[in-house]
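Hi,

Here is the structure I promised to pass on. Have a look at it first, and then read my notes below.

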Amino acid sequence: MNTAVDMVSLSTPVKRFVSQARQALIDGRWQDAQSGETFEVFNPSNEAVIARVADCKRADVDLAVAAARKAFDKGPWPRMSPSARGKILWKIGDLILENLEELAQLESLNNGKPIGVARAADVPLAADLFHYMAGWATKIEGSTIPISVPYTPEVQYHAYTRKEPIGVVAQIIPWNFPLLMAAWKLGPVLTAGCTVVLKPAEETPLSALRLAQLCLDAGLPPGVLNVVTGFGETCGAPLAAHNQVDKVAFTGSTEVGKLIVKAAANDLKKVTLELGGKSPNIVLDDADFDVAIPGASNAIFFNHGQCCCAGSRLFVQEKSYDRVLEGVSKAARAIRLGPGLDPQSEMGPLVSKTQFDRVNGFLRSGKEEGARTVCGGKRHGETGFFVEPTVLDGTSDKMRVYQEEIFGPVVTVMPFKEVDDELNCYNIFDAALPFGGYKQSGWGREMGSEVLKNYLETKAICMSI
Ligand code: NAI
Ligand code: MG
């Protein structure tokens, strides 16, 4: 383990930010939870408490939704010119870049990811999303439609569609990319002219709270963005079920995704879901192994395997099996584990004790079911939630490690004979490229122009002329 001496020293704004209990944002004002209660937020690299945050529950959710409702029904945001809205979105992107180091430090401190990754990927991608979306604000267009109504042949019509903001949106996000998930959700919902109540994950609320302040600084009117910090059952559930919410956008577990659909059924709210996955990665005998081996390693180990699109099942064509198994294991052994804030670290800890226990449970079950651990397979160090990058061989499609999403740095490797499908590559994210899953991995897409559909209704208008 690296020593504290090597760590990036926290900047003054970060120290200041974590030194006081962070409040919820409701109707443009930072406020304590109605109960006055707070909860602790941890540094997963050393298990220390780094901050306290408002423990929002139903009463706070009610206030936040009422503020978003008022801002949508009466406020300037949905009525503002698209150009003015776009300028505010652009400004949010600029402010993210101006505060890049502070946001990267907060992200690394709270989530555990290497500071270099937060600086190079999470924060710039978050900024880029707002910059990309800013351009769309002026390009949300309906169409004119020539219609041929058979029972009124003598009448001429002017028929057209308008794209209207869907209304008040609840957004519930996870902890694996805390800032980026907030950006992926907020960029399009604001561009569409909706108002929002955002609930960050209880493990990682800090960067979303900082982002919310940047949104206010950029000129977002009060009540357009509200942020409630709290737990899934006591804050997320009442938000998802709230009868003044028109739409829920959720990223997280498939299990909670299904609960959200049930909660939304009461009043037929719209729902989009970005859920878990168990992605296969395929290496053929004719691959360029200098690319394929590091590629397969990055597909699973990026972000400590805490990605819904992690390449967690690696299939290798028979003749190349040993070479690739050995290559990926060698790459896994070479990954330097350490605290996110140590610039030398290439992989940080898992985000929480819960996730640490969950991933260790999978490692145990793999052993019990007869998988062979080629490398890794256990905790790293004695404090912090570090798990060694792990390669499992000799797995079968009946095993839990093969069947279920582990959400940790664990890959199962398996040989195969023939393939007749096209291939894809991993972990290439861009604001313009739609992202999302099939089947139980969710409904709808994030990013690109595609995501705007999540937050717009189509109104058809028909006038006889
Ligand atoms: P989770 O689905 O419980 O949490 C995600 C968000 O949902 C958090 O903000 C949480 O507070 C909220 N939430 C939890 N219960 C809720 C409820 N009843 N109603 C409304 N909101 C609720 O995920 P968790 O427990 O953190 O992780 C469990 C597993 O889920 C992971 O091991 C992984 O397999 C998967 N996961 C997938 C993610 C993805 O990117 N698709 C992200 C995080 C987790
Ligand atoms: Mg959960």
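**What I found**

Let me start out in a loop: Lys 439 sits in the stretch between strand 15 and strand 16. Before I go on, keep in mind that this is a predicted model. Lys 439 is not a glycine, yet its phi is positive, near 50 degrees. Most residues other than glycine have a negative phi, so I flagged this one for you. Is Lys 439 buried or exposed? It counts as exposed, because its relative accessibility is 80% and the cut-off for exposed is over 50%.

The loop between strand 15 (410–416) and strand 16 (442–443) also holds Asn 427. Asn 427 has a positive phi too, of about 60 degrees, and is not a glycine either. Its relative accessibility is 16%, so Asn 427 counts as buried.

**The ligand**

Now for ligand 1. There are 27 residues around it, and Trp 175, Glu 202, Ser 253, Arg 358 and Glu 405 come nearest. By class, that shell has 14 nonpolar, eight polar and five charged residues.

Which polar atoms does the protein bring to ligand 1? A polar side-chain atom of Ser 253 lies 2.7 Å from an oxygen atom of the ligand. The side chain of Asn 176 has an N or O atom 3.3 Å from an oxygen atom of ligand 1. Gly 252 uses its backbone instead, with an N or O atom 3.3 Å from a nitrogen atom of ligand 1.

How much of ligand 1 does the protein cover? On its own the ligand has 810 Å² of accessible area, and the protein covers 89% of that. Helix 8 (232–241), strand 9 (247–251), helix 9 (254–265) and helix 12 (353–368) are the elements that give two or more residues to the shell.

Helix 12 is also where you will find Lys 353. With a relative accessibility of 45%, Lys 353 counts as partly exposed. Its C-alpha atom is 9.9 Å from that of Phe 386, which is 33 residues away along the chain.

**The cores**

The largest nonpolar core has 96 residues, and Ile 96 and Leu 190 have the most contacts inside it. In soluble globular proteins, nonpolar side chains tend to be buried together. What does Leu 190 touch, leaving aside its neighbours within four places in sequence? Its contacts are Trp 77, Arg 85, Leu 89, Ile 92, Val 196, Leu 220 and Val 224. Another core, of 28 residues, lies apart from the largest one, and its members include Ala 54, Ala 170, Leu 239 and Ala 264.

Ile 92, one of the contacts of Leu 190, belongs to helix 3 (residues 82–98). Its relative accessible area is 0%, so Ile 92 is buried. Not counting residues up to four places away in sequence, Ile 92 touches Phe 130, Leu 190, Leu 211, Cys 215 and Ala 218. The C-alpha atoms of Ile 92 and Asp 217 are separated by 8.1 Å, although the two residues are 125 apart along the chain.

**Around helix 13**

Thr 395 lies in the loop between strand 14 (390–393) and helix 13 (400–403). Its relative accessibility is 10%, so Thr 395 counts as buried. Beyond four places in sequence, Thr 395 is in contact with Ala 371, Val 401, Thr 412, Val 413 and Met 414.

Gln 403 is in helix 13 itself. Is Gln 403 buried or partly exposed? It counts as partly exposed, because its relative accessibility is 49%. Gln 403 touches Lys 278, Asp 397 and Lys 398, again leaving out residues up to four places away in sequence. With Asp 397 there is a polar contact: the side chain of Gln 403 reaches the backbone oxygen of Asp 397 at 2.6 Å.

**One last residue**

Ala 66 lies in helix 2 (residues 58–73). At 46% relative accessibility, Ala 66 counts as partly exposed. Between the C-alpha atoms of Ala 66 and Ala 249, 183 residues apart along the chain, the separation is 18 Å.

Cheers

Notes:
Residues numbered from 1 in each chain as written. Chains lettered and ligands numbered in written order. Predicted model: local features only at pLDDT ≥ 70, side-chain atom pairs only at ≥ 80, totals over all residues. Heavy atoms only, no water. Near = heavy atom within 4 Å. Polar contact = N/O pair within 3.5 Å; in protein donor to acceptor, adjacent residues only side chain to side chain. Areas by Shrake-Rupley, 256 points an atom, 1.4 Å probe, with all protein chains shown as cover. Helix = DSSP H or I, 4+ residues; strand = E, 2+ residues; numbered from the N terminus. Nonpolar A, V, L, I, M, F, W, Y, C, P; charged D, E, K, R; others polar. Core = buried A, V, L, I, M, F, W, Y, C linked by side-chain atoms within 4.5 Å. Buried < 20%, exposed > 50% of the residue type's maximum accessible area, 1.4 Å probe, protein only. Contact = heavy atoms within 4.5 Å.
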